[in-house]
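User: I would like to learn how to read the features of a model like this one. Could you take me through it step by step?

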Amino acid sequence: MRLTHHLAVCCLALATLTASAQQPSAATISPSADSATPHTWTNEQILTCTVSDCWQLAGKNEATFFDIVQQLAGISAQTRGLTLPESAEAGKRAGEYIKAKAKADHGQLLYAIVDASVRKVGTKSPTN
């Protein structure tokens with residue numbers, strides 16, 4: 001399958017992440033049920049990977065790729081002191097943004113795309 005299709009599926013799953021996250025530290029950062037192998041990447045590694053690199057790192061598996069996106073979203077929200085809203089609409093907006101930006105430039109850092117998306121939908125945490 002093409003990377004674009006996988007990004008679309010990933011973005012739909014991001015809507016679930018955004019809708020279920022209650023605070024930056026509460027974002028679910030767990031492997032997808034259909035991820036076949038344990039993760040072998042570090043935060044430092046995925047923070048510096050391009051969209052294409054992350055796709056390769058995920059073994060060209062959409063569930064594993066989403067695990068990377070999900071982990072990056074949690075890092076971004078926590079670092080920026082943002083809470084991801086409990087809204088399917090916000091998740092859809094975030095996912096569509098990630099899909100469009102990643103499709104436009106596979107050489108862009110995936111974290112930069114995810115971070116921009118989190119900033120668009122996240123709200124300042126009440127404790128900050």
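**Reading the aromatic pair, salt bridges and core**

Analyst: Happy to. This is a predicted model, and a search of the whole structure turns up one aromatic pair.

User: Which residues form the aromatic pair, and what is its geometry?

Analyst: For ring geometry, look at the angle between the planes: over 60 degrees counts as edge-to-face. Here Trp55 and Phe65 pair edge-to-face, with 5.6 Å centre to centre and 70° between the planes. The pair links distant parts of the chain, with Trp55 in helix H3 and Phe65 in helix H4, 10 residues apart.

User: Are Trp55 and Phe65 buried or exposed?

Analyst: Both Trp55 and Phe65 are buried. Across the chain, buried residues make up 47% of the 128 residues.

User: Let's turn to charged side chains. How many salt bridges does the structure hold?

Analyst: It holds two salt bridges. In one of them, the side chains of Arg80 and Asp115 meet at 2.7 Å, N to O. Arg80 belongs to helix H4 and Asp115 to helix H6, so this pair ties together parts that are 35 residues apart in sequence.

User: And what is the partner of Arg119?

Analyst: Arg119 forms a salt bridge with Asp115, and their closest N and O atoms are 3.2 Å apart. Put together, Arg80, Asp115 and Arg119 are linked in a network of salt bridges.

User: Why does Asp115 count as buried, and why does Arg80 count as partly exposed?

Analyst: The idea is to compare relative accessibility with two cut-offs: under 20% is buried, over 50% is exposed, and partly exposed lies in between. Asp115 counts as buried because its relative accessibility is 6%. Arg80 has 36%, so it counts as partly exposed. Arg119, at 44%, is therefore partly exposed as well.

User: Could we try that reading on Arg93? Where does Arg93 lie?

Analyst: Arg93 is in helix H5. Its relative accessibility is 42%, so Arg93 counts as partly exposed. Then look for partners beyond the sequence neighbours: not counting residues up to four places away, Arg93 touches Lys120 and Val121.

User: What is Leu110 in contact with, beyond its neighbours within four places in sequence?

Analyst: Leu110 is in contact with Cys49, Thr50, Val51, Cys54, Phe65, Ile68, Val69 and Leu72.

User: Finally, what pattern does the chain follow along the sequence?

Analyst: Step back and read the elements in order. There are six helices and two strands, in the pattern α-α-α-α-β-α-α-β. Then look at contact range: among contacts with a separation of 6 or more, 81% involve residues 24 or more positions apart. As for the surface, the accessible area comes to about 6500 Å², and 51% of it belongs to carbon and sulfur atoms.

Terms used:
Residues are numbered from 1 along each chain as its sequence is written. This is a predicted model: local features need pLDDT of at least 70, side-chain atom pairs count only at pLDDT 80 or more; totals for chains, interfaces and linings use all residues. Side-chain values use heavy atoms; hydrogens and water are left out. Contact means heavy atoms within 4.5 Å. Helices (H or I, at least four residues) and strands (E, at least two) are DSSP runs, numbered from the N terminus. Buried means under 20% relative accessible area, exposed over 50%, partly exposed in between (1.4 Å probe, protein chains only). Accessible areas come from the Shrake-Rupley method with a 1.4 Å probe; for residues, only the protein chains shown count as cover. Rings of Phe, Tyr and Trp (its six-membered ring) pair if their centres lie within 6.5 Å; planes under 30 degrees apart count as stacked, over 60 as edge-to-face and the rest as tilted. A salt bridge is a side-chain nitrogen of Lys or Arg within 4 Å of a carboxyl oxygen of Asp or Glu.
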